[in-house]
Amino acid sequence: MTDPAVPPRPQTPEKAPAPALNRARAFWLKQLHSWHWISAGLSLACMILFAITGITLNHAAQIKAEPVVTEQTATLPAPLLARLAEMPEETTGPVPDAVARWTSDTLKASVAGKPTETTPEEVYVALPRPGGDGWITIDRATGETVMEVTNQGWIAYVNDLHKGRNAGPVWYWFNDIFAVACIIFAITGLILLWLHSRSRPSTWPLVGLGLVIPVVIALIFIH
């Protein structure tokens, strides 16, 4: 029986979690998950492409390819040849717009705005491209036009996309945007690892291993 003369011992109330802190944590956790999966979705296909081309670039010497060379010829019409004669004897400026349109329609080659190597004898335009090369020459006296294109195959093509070689300004900016998406994906993943690391003891050993392995290889095996 409880002695009525002894007052009951006060019970210490349990501390309730701070509602504001929980709401903030839930908000940021939701944001991190959203940014993580959105950046993953945006960069997934290109991450796979860049991983595969990383392997093909690393083994470029073992992957043999037979270059395919194609050549086309045409003759610049006399009125356009007269327009070509208006160019300086030596310049790096582009060909006249009318000549560029004829080249596009006749040879399916875009030379508009491209620099030339113009001499008194001919106009030379380089046509570099991913996975190959190309050029056009126009004889300034006769209008004889020759276009040669070299194709190294689809592996060389995707390898050059990996390096951004001769892929144009749109791919150049796409590479930067893709890189930003990968950075967001990696950073949000790292923060999510930190938030869940208490229940996953192997988190930091694995993260540390991913950092230590390339550092050790670089220090010991790269000279």
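Biologist: Which residues do the ring pairs link into a cluster?
Modeller: The ring pairs join F50, W171, F174 and F178 into one cluster, and please keep in mind throughout that this is a predicted model.

Biologist: And how many aromatic pairs does a search of the whole structure find?
Modeller: The search finds six aromatic pairs. For W171 and F174 the ring centres are 5.0 Å apart and the planes meet at 40°, so this pair is classed as tilted.

Biologist: How are W171 and F174 placed in the helix?
Modeller: Both belong to helix α5, which covers residues 168–196, and because they are three residues apart there, about one helical turn separates W171 from F174.

Biologist: What about F174 and F178, how do those rings sit?
Modeller: F174 and F178 form a stacked aromatic pair, with 6.5 Å from centre to centre and 15° between the planes. These two are four residues apart in helix α5, so F174 and F178 are also separated by about one helical turn.

Biologist: Is F178 buried or exposed?
Modeller: F178 counts as buried, because its relative accessibility is 10% and the cut-off for buried is under 20%. F174, in contrast, has a relative accessibility of 33% and therefore counts as partly exposed.

Biologist: Now charges: which residues gather in the patch of negative charge?
Modeller: That surface patch of negative charge brings together E89, E90, E121 and E122. E90 has its place in the loop between α2 (78–85) and α3 (97–107), whereas E122 lies in strand β3, residues 122–126.

Biologist: How many residues apart in sequence are E122 and G93?
Modeller: E122 and G93 are 29 residues apart in sequence, and from C-alpha to C-alpha they are 13 Å apart in space.

Biologist: One more topic, the backbone: what is the phi of K108?
Modeller: K108 has a positive phi of about 60°, although K108 is not a glycine. The residue is placed in the loop between α3 and β2 (117–118), and K108 is exposed, with a relative accessible area of 69%.

Biologist: And what is the phi of N166?
Modeller: N166 is not a glycine, yet its phi is positive, at about 55°.

Biologist: Where is the place of N166?
Modeller: N166 is in the loop between α4 (154–163) and α5, and a relative accessible area of 33% makes N166 partly exposed.

Notes. Residues numbered from 1 in each chain as written. Predicted model: local features only at pLDDT ≥ 70, side-chain atom pairs only at ≥ 80, totals over all residues. Heavy atoms only, no water. Phe/Tyr/Trp six-rings, centres within 6.5 Å; stacked < 30°, edge-to-face > 60°. Buried < 20%, exposed > 50% of the residue type's maximum accessible area, 1.4 Å probe, protein only. Patch = residues over 30% accessible without salt bridge, like charges linked within 9 Å, V, L, I, M, F, W, Y side chains within 5 Å. Areas by Shrake-Rupley, 256 points an atom, 1.4 Å probe, with all protein chains shown as cover. Salt bridge = Lys/Arg side-chain N within 4 Å of Asp/Glu carboxyl O. Lys, Arg positive; Asp, Glu negative; His and termini not counted. Charge placed at Lys NZ, Arg CZ, Asp CG, Glu CD.
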